[in-house]
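Here is a briefing for a reader new to this structure. Look at the model first, then work through the points below.

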Amino acid sequence: MKRLKGTLQPAEAPQRVKIDTTFRQNKLTYSNYWFLIHLAIIVAVAIISILNYDALPNVIPMKYDLQGNVTSSVPKTYLSVLAINLVQLGVIALLMLVNWSIKTSKQQLTPSNPAQFAAEHIRFRRKWSLFTIITGLLLTILFAFIQINIFVPNQVLLTAISLITSVGILLGAILLSLTGRQGGGKIRNHLEDSERSKEQPVNDDEYWKLGFIYFNPNDPSFTVEKRYGIGWTINFARPLSWGLLLLIIAIVVISRALSQ
């Protein structure tokens with residue numbers, strides 16, 4: 001891609017950057033306080049599990065195959081009974097971090113029509129923020145049913161809820177991705193692409209290592225929009241970004257270990 005760009009005629013006009021100093025005053029995402037609902041469900045199920053600890057069998061099933069047969073089990077301990085709750089807390093912490101990154105990510109504007117683009121960009125962030133919160137709620141409910149299934153086994157209901165939750169989250173992500181491009185706005189067709197402004201975006205190739213790793217020590221942003229696709233990535237030149245990355249890895253690893 002760099003070789004191809006080198007063959008193109010450079011833009012004659014100087015590069016321009018526009019910022020909106022009121023951008024951060026807008027409500028960019030939904031509050032992380034919405035995750036209190038998720039936490040309330042987790043705490044409620046954990047309390048029910050502790051109160052009914054003595055009624056549980058001495059061996060706790062952890063995994064099932066598609067036919068409903070137990071494929072993995074562990075001895076009954078408070079840790080094994082509450083392992084699902086700890087996994088839930090890890091997932092919620094991860095989603096809260098995602099929601100925070102959506103809010104704090106770098107502002108993106110176009111010089112030609114910054115006001116319209118800013119409005120579209122805000123809608124884009126709020127949609128994905130809402131999707132993150134709803135995803136967390138669905139996963140919390142799913143894990144709650146898995147834990148309750150230990151007390152009142154109902155494999156048919158659990159399988160149905162698992163499928164509905166997985167398909168719902170997948171379809172929601174696909175719908176958001178197909179109805180809007182990165183940063184907001186509609187997906188343009190070929191004709192609209194050819195008629196759009198000839199204004200060139202700022203050339204920041206030097207900060208995108210291998211085309212997808214953002215490394216810019218002069219940029220105070222911790223997260224920025226991905227260069228292609230949908231979503232956000234971190235600025236690897238910021239030490240805090242490495243800390244966030246290690247925290248995400250730790251949450252995933254610990255949640256994985258607890259689910260075994």
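The side chains of Asp-219 and Lys-106 meet in a salt bridge, with 3.1 Å from N to O. This is a predicted model. The structure holds one salt bridge, and Asp-219 and Lys-106 form it.

**The salt bridge**
- Asp-219 sits in the loop between strand E4 (213-214) and strand E5 (223-225).
- Lys-106 sits in the loop between H3 and H4.
- The pair therefore ties together parts that are 113 residues apart in sequence.
- Asp-219 is buried, because its relative accessible area is 5% and buried means under 20%.
- Lys-106 has 27% relative accessibility, so it counts as partly exposed.
- In general, side chains of opposite charge can pair when their charged atoms come close.

**Overall layout**
- The protein has seven helices and six strands.
- Read from the N terminus, its elements run α-α-β-β-α-α-α-α-β-β-β-β-α.
- The protein has 260 residues, and buried residues make up 32% of them.
- Among contacts with a separation of 6 or more, 64% join residues 24 or more positions apart.

**Helices H3 and H4**
- Helix H3 covers residues 78-104.
- The axes of H3 and H4 come within 10 Å and cross at roughly 180°.
- That crossing angle makes H3 roughly antiparallel to H4, because angles over 145 degrees count as such.
- The residues of the contact of H3 with H4 divide into 14 nonpolar, 10 polar and two charged.

**Nonpolar cores**
- Which residues make up the largest nonpolar core? There are seven: Ile-102, Phe-124, Trp-128, Phe-131, Ile-169, Leu-176 and Trp-232.
- Helix H4 (114-151) and helix H5 (155-179) each supply at least two residues of this core.
- H4 gives the largest share of this core, three residues.
- Apart from this core lies another, of six residues, including Tyr-53, Leu-56, Ile-60 and Val-81.
- In soluble globular proteins, nonpolar side chains tend to be buried together.
- Ile-102, from the largest core, has contacts beyond four places in sequence with Thr-29, Arg-125, Trp-128, Ser-129, Thr-132 and Trp-232.
- Of these partners of Ile-102, Trp-128 and Trp-232 are also listed in the largest core.

**Ser-49 in helix H2**
- Ser-49 lies in helix H2, which spans residues 35-51.
- Is Ser-49 buried or exposed? Ser-49 is buried, because its relative accessible area is 1% and the cut-off is under 20%.
- Setting aside neighbours within four places in sequence, Ser-49 is in contact with Val-81, Leu-82, Gln-147 and Phe-151.

**Thr-233 in strand E6**
- Thr-233 belongs to strand E6, residues 232-234.
- Thr-233 has 16% relative accessibility, so it counts as buried.
- Which residues does Thr-233 touch, not counting those up to four places away in sequence? They are Trp-208, Phe-222, Thr-223, Val-224, Glu-225 and Lys-226.
- Thr-233 and Ser-105 are 128 residues apart along the chain. Their C-alpha atoms are separated by 8.9 Å.

Notes:
Residues numbered from 1 in each chain as written. Predicted model: local features only at pLDDT ≥ 70, side-chain atom pairs only at ≥ 80, totals over all residues. Heavy atoms only, no water. Core = buried A, V, L, I, M, F, W, Y, C linked by side-chain atoms within 4.5 Å. Buried < 20%, exposed > 50% of the residue type's maximum accessible area, 1.4 Å probe, protein only. Helix = DSSP H or I, 4+ residues; strand = E, 2+ residues; numbered from the N terminus. Contact = heavy atoms within 4.5 Å. Axes fitted to C-alpha atoms, helices over the stretch in contact; angles between N-to-C directions. Parallel < 35°, antiparallel > 145°, perpendicular 65-115°, else oblique. Nonpolar A, V, L, I, M, F, W, Y, C, P; charged D, E, K, R; others polar. Salt bridge = Lys/Arg side-chain N within 4 Å of Asp/Glu carboxyl O.
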